[in-house]
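Here is a friendly note to read with the model open beside you. Please take the points in order and find each place on screen as you go.

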Amino acid sequence: MKVSVSTSKVNGEVFAPPSKSYTHRAITIAALSDDCVIHRPLMSADTLASIRAAEALGASIEKYEDRIHVKGVNGKPHVPNNIIDVANSGTTLRFMTAVSALTNGVTVLTGDSSIRNRPNQPLLDVLNKLGVEAYSTRGNGCAPIVVRGGLKGAITTIDGSISSQFISALLIACPLTTQSTTLSIKGEMKSRPYVDVTMELIEQAGAEILVEEGNTIKFIIPANQKYNLKEYTVPGDFSSASYLLAAAAITGSTVTVKNLFPSKQGDIEIIDVLERMGAKISWDKENGIAQITGNGLKATIFDAGATPDLVPTIAVLAACAEGTTVIENAEHVRYKETDRLHAMALELTKMGIAVKEEPDQLIITGGKLRGAELHGWHDHRIIMALTIAGMVAGDTVIDTAEAVDISFPNFFDTMKELGAEVELI
Ligand SMILES: O=C(O)C1=C[C@@H](OP(=O)(O)O)[C@@H](O)[C@H](O)C1
Ligand SMILES: C=C(OP(=O)(O)O)C(=O)O
């Protein structure tokens, strides 16, 4: 499916969709608990992959309009009857690889062609040190992955520079083993806020993990714990909201986004970045309402270490800003659904913008965006970011537009509701 975008402005009030990251964690931890109701979960292609995987590992899940009811396995996941297909969801692959290490049999996990090219070796290496036999069938660290359960605790180390999801996955599984675990992080820990989100849900479910900060971050995970998540309400998603707010910022419009309460999501940083770049933005934290008016943007320096998912949004803001923006510390952004540094560099170049791609940076000089035929790379964040760029450029067509289902299924309807001229063709 393609989306055609014409020059347009946005105006009005919309709700941010529920958080994808919180929803994945709520599903996974509820599946390891006894009985839990999750209110306002995100129902998207990626979170449905987590629901299917949780069911394959023994949970039973009933879906209602605004909630799901999870009857979990009480710490003892079952050996699946079939392979687990995580489709496009990296979070599901990493989390369920660790959860399947708690079974007493063999699990095979795989997914679509993007998932089968994303790295997992650091997670597999640690699982092997924790008594599990875990390997990639092709020996390249990518799915298909085979896991023979038997997770035990130990003192071990993991590289933090590729994906925080390896760490989150281990933090979720290790409290349920019979020996304690100490996990030290080697190198810079990228995407740290996502680990804080994981810790928040683990604590809400009644388990305990101690963190030692310092030159080396250490997680100390006591053994023989239980999860008991009973009820959980998913907050709004700041990564998804970033496209709505940025659309107003680059088109000189005013938009109000509701359901944006404070939480541990790193992508809350979008509020500060927009302000720094010159947008007029206010955030009423108590009522969860952000309001923005676009006002001419200026370049900035953006460190993507903690917030990789904001990179496509910031790249478009940079393309519309006066001056040269540097997006730095962003190598891990190459290991997503697609290599997002390369994808954004190529597509913005097609729109007439000067972009320099470095191994861990994008250097973008703002200019006049022109309409073009763009590739969406089957990547929800690339498509949403290019859609808002198209609203400035006009005459823009983006392919693989159906991929917005991954995290924001009603993205185009929401944009239309705000007055954006977008048509699916
Ligand atoms: O744990 C999570 O929910 C996520 C962690 C981040 O990935 P990395 O830790 O691989 O950077 C982020 O990019 C992804 O969209 C969601
Ligand atoms: C990278 C993402 O998700 P995942 O790693 O779960 O595929 C994302 O949503 O941008």
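1. Helices (H or I, at least four residues) and strands (E, at least two) are DSSP runs, numbered from the N terminus. With that in hand, find P144 in the loop between strand 8 (133-136) and strand 9 (145-148). The peptide bond that runs from A143 to P144 is cis, and its omega is near 0°.

2. A word on the ground rules. This is a predicted model, where local features need pLDDT of at least 70, side-chain atom pairs count only at pLDDT 80 or more, and totals for chains, interfaces and linings use all residues. Residues are numbered from 1 along each chain as its sequence is written, chains are lettered from A and ligands numbered from 1 in the order in which they are written, and side-chain values use heavy atoms, with hydrogens and water left out.

3. Another loop deserves a visit. R40 lies between strand 3 (35-39) and helix 2 (45-56). Its phi is near 45°, a positive value in a residue other than glycine.

4. Which residues are around ligand 1? They are S21, R25, T91, S163, S164, Q165, S191, Y194, P308, D309 and K336; to count as near, a residue needs a heavy atom within 4 Å of the molecule. By class, this shell has two nonpolar, six polar and three charged residues. Here Ala, Val, Leu, Ile, Met, Phe, Trp, Tyr, Cys and Pro count as nonpolar, Asp, Glu, Lys and Arg as charged, and the others, Gly among them, as polar. Helix 1 (20-31) and helix 5 (164-173) each supply at least two residues of the shell around ligand 1.

5. Now look at the serines. A polar contact with a ligand is a pair of N or O atoms within 3.5 Å. Oxygen atoms of ligand 1 lie 2.6 Å from a side-chain N or O atom of S163, 2.5 Å from a polar side-chain atom of S164 and 2.6 Å from one of S191. The protein covers 96% of the 390 Å² of accessible area that ligand 1 has on its own, with areas taken from the Shrake-Rupley method with a 1.4 Å probe.

6. Turn to ligand 2, which has 14 residues around it, and K20, G90, T91, R118 and R381 come nearest. The shell around ligand 2 holds no nonpolar, six polar and eight charged residues. Helix 3 (90-100) and helix 11 (380-393) each give at least two residues to the shell around ligand 2.

7. Check the side chains here too. An oxygen atom of ligand 2 is 2.9 Å from a side-chain N or O atom of R340; for H380 the distance is 3.4 Å, and for D309 it is 3.5 Å. Of the 290 Å² of accessible area that ligand 2 has on its own, the protein covers 98%.

8. The domain bounds come from an automatic or database domain assignment. The shell around ligand 1 also draws at least three residues from each of domain 1 and domain 2.

Technical notes. A polar contact is a pair of N or O atoms within 3.5 Å; within protein, one must be able to donate a hydrogen and the other to accept it, and residues adjacent in sequence count only if both atoms are side-chain atoms.
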